[in-house]
Amino acid sequence: MSIFSYLLPKKEKSASVAKERLQIIVARERATRGGPDYLPQLQEELLMVVRKYVEVDQDAINIQVDRESGCEILELNITLPDE
Amino acid sequence: MTKIVVVTSGKGGVGKTTTSAALATGLAQRGHKTTVIDFDVGLRNLDLIMGCERRVVYDLVNVINGDANLKQGLIKDKRVEDLFILPASQTRDKDALTLEGVEKVLEGLKDMGMEYIICDSPAGIEKGALTAAYFADEAVVVTNPEVSSVRDSDRILGILSSKTRKAELGEGDIPASLLLTRYSPERVERGEMLSVEDVKDILAIDLLGVIPESQAVLNASNSGAPVILDSESDAGKAYEDAVARFLGEQRPHRFLTANKKGLFGRLFGAQ
């Protein structure tokens, strides 16, 4: 590493960018893992219904299936925007 | 008692076959009767890595179909006692591999007194990979410190937790451990490569070993001798450590820091 590199503005290292991106995508994929195949489409259609009344982002909806003692729970979270 | 181990990854080209060959050879070197099976139907390659490509007469599908018996299908390694190879078939018929057929082969190997059966999985999440993993008691997930490989490994871990026979029988997840290959401590120190800690954080499984990026791996495949037989090489030593850990020994991880030794150190320094 040359002495001049200390003078240059610090660029974010690619490894930390990689880690951050991976953590996000892996968490998202784990949330829908093992769930039924119709989940993404269900999420899409639910979002469309909600959007008829309130304008929400794509990221504002979170859907997942949990298994608890033999029964499945469909969990749906929609964050509504501030008025 | 026979232990069936699947070596898997999701992504191709990360070192599954190299690892299967090294792990099987290492186990056999320690006196455990071991068979390594190539599940990559249509793209046979374990035979080349093991250096027995010219001795292949029958293959896994031949044995399943009854064209040959198990003893005829197995190739006995010429260098290491107690090591056997069962090559994949080169047929293009992917349906040739049935779960019933594979189960029969595995039972046959158990009856022969195999202690370990290493299943070298094909890449992907299709039938071939699922078949290789189905009967496994344990999984070794081979990963490169690179985004697509890590993501695919996580996907495979999810599949392993629901699609193995143990999972289907409600016996829970099979233990899975991480083998990080093609690791370059220099690049990690420069912030250009995910570190072993990063990958462990994301995948959240036990670390079996870290294999450094090494010329020895290509040399080994060029000559058809599993890299673990190159006991002087860094990769060979790292695989040797991984085998020891696989058998329950505690060993510190080596080759995780950049080598800053000078010529003197290289010539006379121990590890």
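**A guided look at buried residues, rings and loops**

Guide: In this predicted model, helix H6 of chain B runs over residues 127–134, and its buried residues are Ala129(B), Thr131(B), Ala132(B), Ala133(B) and Tyr134(B).

Visitor: What covers the buried residues of H6(B)?

Guide: The cover includes strand S1 (3–8), helix H5 (99–111), strand S5 (116–120), helix H7 (147–163) and helix H8 (165–168), which belong to chain B.

Visitor: How many cavities of 30 Å³ or more does the structure hold, and what lines the largest cavity?

Guide: There are four cavities of 30 Å³ or more, and the largest holds about 80 Å³ of space. Its lining includes Ala129(B), Leu130(B), Ala133(B) and Tyr134(B), together with Ile156(B), Ile159(B), Leu160(B) and Lys163(B). The elements of chain B that give two or more residues to this lining are H6 and H7.

Visitor: What makes Tyr134(B) and Phe135(B) an aromatic pair, and why is the pair given its particular name?

Guide: Over all chains the count comes to two aromatic pairs. In the case of Tyr134(B) and Phe135(B), the ring centres are 4.9 Å apart and the planes stand at 90°. Centres have to lie within 6.5 Å for a pair, and planes over 60 degrees apart count as edge-to-face, so this pair is called edge-to-face. Both Tyr134(B) and Phe135(B) are buried.

Visitor: How do you know that Lys3(B) lies over the face of Phe246(B)?

Guide: Lys3(B) is placed at 5.8 Å from the ring centre of Phe246(B). The distance has to be within 6 Å, and the charge must also be within 35 degrees of the ring normal, so the value of 5.8 Å meets the distance part of the rule. Lys3(B) is listed as lying over the face of this ring.

Visitor: Why is Lys76(B) called partly exposed, and where is Lys76(B) found?

Guide: Lys76(B) is found in strand S3 of chain B, residues 75–76. The relative accessible area of Lys76(B) is 35%, and because buried means under 20% and exposed means over 50%, Lys76(B) falls in between and is partly exposed. When neighbours within four places in sequence are left aside, the contacts of Lys76(B) are Arg55(B), Glu81(B), Asp82(B), Leu83(B) and Phe84(B). Between the C-alpha atoms of Lys76(B) and Glu107(B), which are 31 residues apart in sequence, there are 19 Å.

Visitor: What makes the phi of Asp82(B) a value to point out, and where is Asp82(B) found?

Guide: The phi of Asp82(B) is near 70°, which is a positive value in a residue other than glycine. Asp82(B) is found in the loop of chain B between S3 and strand S4 (83–86). With 23% relative accessibility, Asp82(B) is not under the 20% that buried requires, nor over the 50% that exposed requires, so Asp82(B) counts as partly exposed.

Visitor: Is Ala204(B) buried or exposed, and how do you know?

Guide: The relative accessible area of Ala204(B) is 61%, and since exposed means over 50%, Ala204(B) is exposed. Ala204(B) lies in the loop between helix H10 (196–203) and strand S8 (206–212) of chain B. Phi of Ala204(B) is positive, near 55°, in a residue other than glycine.

Visitor: Why does Asp234(B) count as partly exposed, and which residues is Asp234(B) in contact with?

Guide: Asp234(B) has 27% relative accessibility, and because that value lies between the cut-offs of 20% and 50%, Asp234(B) counts as partly exposed. Asp234(B) belongs to helix H12 of chain B, residues 234–246. Apart from neighbours within four places in sequence, Asp234(B) is in contact with Pro212(B), Glu213(B), Ser214(B) and Phe255(B).

Visitor: How do you know whether Asp59(A) is buried or exposed?

Guide: For Asp59(A) the relative accessible area is 71%, and since exposed means over 50%, Asp59(A) is exposed. Asp59(A) is found in the loop of chain A between helix H2 (39–51) and strand S1 (61–68). Asp59(A) and Ile25(A), although 34 residues apart in sequence, have C-alpha atoms 13 Å apart in space.

Visitor: What are the elements of chain A, and how many of its 83 residues, as a percentage, count as buried?

Guide: Chain A comes to two helices and two strands, which run α-α-β-β from the N terminus on. Of its 83 residues, 18% count as buried. The accessible surface of chain A comes to about 7,000 Å², with 54% of it belonging to carbon and sulfur atoms.

Technical notes: Residues are numbered from 1 along each chain as its sequence is written. Chains are lettered from A and ligands numbered from 1 in the order in which they are written. This is a predicted model: local features need pLDDT of at least 70, side-chain atom pairs count only at pLDDT 80 or more; totals for chains, interfaces and linings use all residues. Side-chain values use heavy atoms; hydrogens and water are left out. Rings of Phe, Tyr and Trp (its six-membered ring) pair if their centres lie within 6.5 Å; planes under 30 degrees apart count as stacked, over 60 as edge-to-face and the rest as tilted. Buried means under 20% relative accessible area, exposed over 50%, partly exposed in between (1.4 Å probe, protein chains only). Helices (H or I, at least four residues) and strands (E, at least two) are DSSP runs, numbered from the N terminus. Accessible areas come from the Shrake-Rupley method with a 1.4 Å probe; for residues, only the protein chains shown count as cover. Contact means heavy atoms within 4.5 Å. On a 1 Å grid over the protein atoms alone, a cavity is a set of points where a 1.4 Å probe fits but cannot get out, and a pocket is an open set with protein on both sides within 12 Å along at least five of seven lines; lining residues have an atom within 4 Å of a point. Grid points are joined across faces, edges and corners, and a volume is the space filled by probe spheres set on the points.
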